[in-house]
Amino acid sequence: MQLLMVHGSGQNELTYHYQTAQFANADAVNLPGHPHGQPRDTISGYVDWLREYAVGNGYPPFVLFGHSMGGAIALDYALRFPQDLAGLVLIGTGARLRVHPDYLDRCLDDDQWRAEAPAYYEAINRELAPQLAARALQSGPMVEHNDLLACDKFDVMERVKEIAIPSLVIVGADDVMTPVRYAEYLGRELQDAQVVVVPGSGHFVTLEQPAAVNTAVARFLERLPD
């Protein structure tokens, strides 16, 4: 089964470093502007790009993973092109992604944003911190700002109940950006969903607790038809 993995705001394929190492047929994409090309300013714009990419590579049917903004992209993709999908893995995300103004303001101070990046990623994952910081710096704060604005406009709370695709919803127990209640809402509203809350993890659960994430994903994939 083909797996297609989509990162969050201002991020890149390293979000799924430990998942692409474990699962065959896993493709973790870099969205346009991260760092090459022009970023899209809406979730639907990213979906348009992703569908062209997926169809162009002959992926459908595939399992679509999305972390944070990537989860918004996955939900919108499922609403627009359900025929392409065999499953959804929604990680640290929600049906609505309002962004606190502090996160937006942080991106507007270029010097501060760049100065804080190394420590920020060190707290998430020491092993990959230098690579994570370097890749984020390549894209820059305004790409993250663009993505956060796209997230802030995203709201499919009234529509997620239309999605019947088998879904796994993963969230870090200590996630303050997309808290557990967001995952629980998806678990209630999606027609076929399982929620896994990962202890000892915040928003970047794929990097903070990769073994727990990979175990949950492996069990989910076993449910899906070949």
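Mentor: Happy to. Strand β3, residues 62-67, has six of its six residues buried, so β3 is largely enclosed by the rest of the structure. Keep in mind that this is a predicted model.

Trainee: What counts as buried here?

Mentor: A residue is buried when its relative accessible area is under 20%.

Trainee: And which residues sit on each side of β3?

Mentor: Phe62, Leu64 and Gly66 are on one side, with Val63, Phe65 and His67 on the other. Both faces are covered, as all of these residues are buried.

Trainee: Which way does β1 run relative to β3, parallel or antiparallel?

Mentor: Parallel: strand β1, residues 2-6, is joined to β3 by five bridges. As an example to click on, glutamine 2 has phenylalanine 62 of β3 as its bridge partner.

Trainee: How many bridges does β3 have with β4?

Mentor: Six, again in the parallel sense, and β4 covers residues 85-91. Look for phenylalanine 65, which stands opposite valine 89 in β4.

Trainee: What does the chain pass through to get from β3 to β4?

Mentor: Helix α3, residues 69-80. That makes a β-α-β crossover, and it is right-handed.

Trainee: Nice. Changing topic: what is the volume of the largest pocket?

Mentor: About 450 Å³. There are 24 residues lining the largest pocket, and the closest to its centre are Ser68, Tyr103, Leu148, Met177 and His203.

Trainee: Which elements give two or more residues to that lining?

Mentor: Three helices do: α4 (101-108), α5 (110-124) and α7 (141-152). Helix α5 gives the most, with four residues.

Trainee: How many of the lining residues are nonpolar, polar or charged?

Mentor: The lining of the largest pocket has 13 nonpolar residues, eight polar ones and three charged ones.

Trainee: Okay, zooming out. How many helices and strands does the protein have?

Mentor: Ten helices and six strands. Of its 226 residues, 56% count as buried.

Trainee: And what radius of gyration does the protein have?

Mentor: The protein has 16 Å, while a compact globule with 226 residues would have a value near 17 Å, so the two agree. If you want the outline, the C-alpha atoms fill a box of roughly 50 × 35 × 30 Å along the principal axes.

Terms used. Residues are numbered from 1 along each chain as its sequence is written. This is a predicted model: local features need pLDDT of at least 70, side-chain atom pairs count only at pLDDT 80 or more; totals for chains, interfaces and linings use all residues. Side-chain values use heavy atoms; hydrogens and water are left out. Buried means under 20% relative accessible area, exposed over 50%, partly exposed in between (1.4 Å probe, protein chains only). Two strands pair if DSSP finds at least two bridges between them. A crossover is right-handed if, with the strands pointing away from the viewer, the path from the first strand over the helix to the second runs clockwise. On a 1 Å grid over the protein atoms alone, a cavity is a set of points where a 1.4 Å probe fits but cannot get out, and a pocket is an open set with protein on both sides within 12 Å along at least five of seven lines; lining residues have an atom within 4 Å of a point. Grid points are joined across faces, edges and corners, and a volume is the space filled by probe spheres set on the points. Ala, Val, Leu, Ile, Met, Phe, Trp, Tyr, Cys and Pro count as nonpolar, Asp, Glu, Lys and Arg as charged, and the others, Gly among them, as polar. The radius of gyration is taken over C-alpha atoms; the globule rule is 2.2 Å times the number of residues to the power 0.38.
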